[in-house]
Amino acid sequence: KTIAVDPYTFSLTGIRPPRFQADILLLSRPREKQPEKIIGGDPFILDGPGEVERGGIFIEGIASNYNNQENTSLSNTIYLIESEDMVIAHLGYLKRKKLRESVLEKVSRADILLLPVGGDGALNAEEAMFVSNQIEPKIIIPMNYSLPGGKIKLDSLNKFIKIFEKKPQKLPKLNIKKNKLPSETELIILEK
């Protein structure tokens, strides 16, 4: 199955998105644009908290606060994707570095953590490091950082790498099985 998470548009980011079809589309926060027009195919869409099982993949959306303010209409959904005896956590646009105990308990099951590191409405590098230390995944894949030609002002990936203090592994894609997960947390950069 192909899962798309938080697709972006050229007009918003200044970066050309990849074109592909998805079976499942996950949205971490409400969108004004219709995501079906960004991702091809006829995907099943999950755009908030809840649980679903599709084709042997179990997905749980967990409500989290988007801002540091408790009463806000802007929300964020953390997604746990469970398949092949592994758990992937996508933190979306998480802003709060201190996770509620009930959320941390669920997210700490993650083998692979997709972690925002660039700020601008989500965790910055320092906050991301704090969150990753709470979760202690086997693999961290940073996301939401500045790229050449991007319109959104984000921190660089190098800022997070410097704080992480270990040399990252750079890969065009990640293929992994449960028995091949590292014993200590590794940082993997997915290159274009």
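An open sheet of three strands, paired in parallel, has the order 1-2-3. Its edge strands are strand 1 (3-5) and strand 3 (44-46), and each of them pairs on one side only. From one strand to the next, the twist averages 20°. Here strands (E, at least two residues) and helices (H or I, at least four) are DSSP runs, numbered from the N terminus. Two strands pair if DSSP finds at least two bridges between them.

This is a predicted model, in which local features need pLDDT of at least 70, side-chain atom pairs count only at pLDDT 80 or more, and totals for chains, interfaces and linings use all residues. Residues are numbered from 1 along each chain as its sequence is written, and side-chain values use heavy atoms, with hydrogens and water left out.

**The whole chain**

The protein chain holds four helices and 11 strands. It has 192 residues, and 45% of them count as buried. Buried means under 20% relative accessible area, exposed means over 50%, and partly exposed lies in between (1.4 Å probe, protein chains only). Contact means heavy atoms within 4.5 Å. Take the contacts in the chain with a separation of 6 or more: residues 24 or more positions apart account for 56% of them.

**Strand pairs**

| Strands | Bridges | Direction |
|---|---|---|
| strand 2 (residues 24-26) and strand 3 | three bridges | parallel |
| strand 8 and strand 9 | five bridges | parallel |
| strand 9 and strand 11 (residues 186-190) | two bridges | parallel |
| strand 10 (residues 169-171) and strand 11 | three bridges | parallel |

Individual residues show how the strands line up. L25 stands opposite I45 in strand 3. L113 has I140 in strand 9 as its bridge partner. I139 is paired by a bridge with E186 in strand 11. L171 stands opposite L190 in strand 11.

**The loop between strands 2 and 3**

S28 is found in the loop between strand 2 and strand 3. At 1% relative accessibility, S28 counts as buried. Leaving aside neighbours within four places in sequence, S28 is in contact with D6, S75, N76, T77, Y79, H90, G92 and Y93.

G40 also has its place in the loop between strand 2 and strand 3. Its relative accessibility is 25%, so G40 counts as partly exposed. Not counting residues up to four places away in sequence, G40 touches F20, Q21 and A22. G40 and Q21 are 19 residues apart along the chain, yet 4.1 Å separates their C-alpha atoms.

**Strand 9**

Now look at strand 9 (139-143). All five of its five residues are buried, so strand 9 is largely enclosed by the rest of the structure. In a regular strand the side chains alternate between the two faces of the sheet. In strand 9, I139, I141 and M143 point one way. I140 and P142 point the other way.

**Helix 3**

Helix 3 (residues 125-135) is mostly covered, with eight of its 11 residues buried. The buried ones are A125, E127, A128, M129, V131, S132, Q134 and I135. They pack against helix 2 (101-107), strand 8 (112-116), strand 9 (139-143) and helix 4 (157-164).

Both ends of helix 3 have a feature to find. N124 caps the N-terminal end: a side-chain oxygen lies 3.1 Å from the backbone nitrogen of E126. Such a polar contact is a pair of N or O atoms within 3.5 Å; within protein, one must be able to donate a hydrogen and the other to accept it, and residues adjacent in sequence count only if both atoms are side-chain atoms. Just after helix 3, E136 takes a positive phi of about 55°.

**Helix 3 against helix 4**

Helix 3 and helix 4 pack at an angle of about 45°, and their axes are 9 Å apart. That makes helix 3 oblique to helix 4. Axes are lines fitted to C-alpha atoms, for helices over the stretch in contact, and angles run from 0 to 180 degrees between N-to-C directions. Angles under 35 degrees count as roughly parallel, over 145 as roughly antiparallel, 65 to 115 as roughly perpendicular and the rest as oblique.

Helix 3 passes helix 4 in a right-handed crossing. A crossing is right-handed if the near helix is turned clockwise from the far one by less than a right angle, and left-handed if anticlockwise. At this meeting, A125, E126, A128 and M129 in helix 3 face K159, F160, I163 and F164 in helix 4 as contacts.
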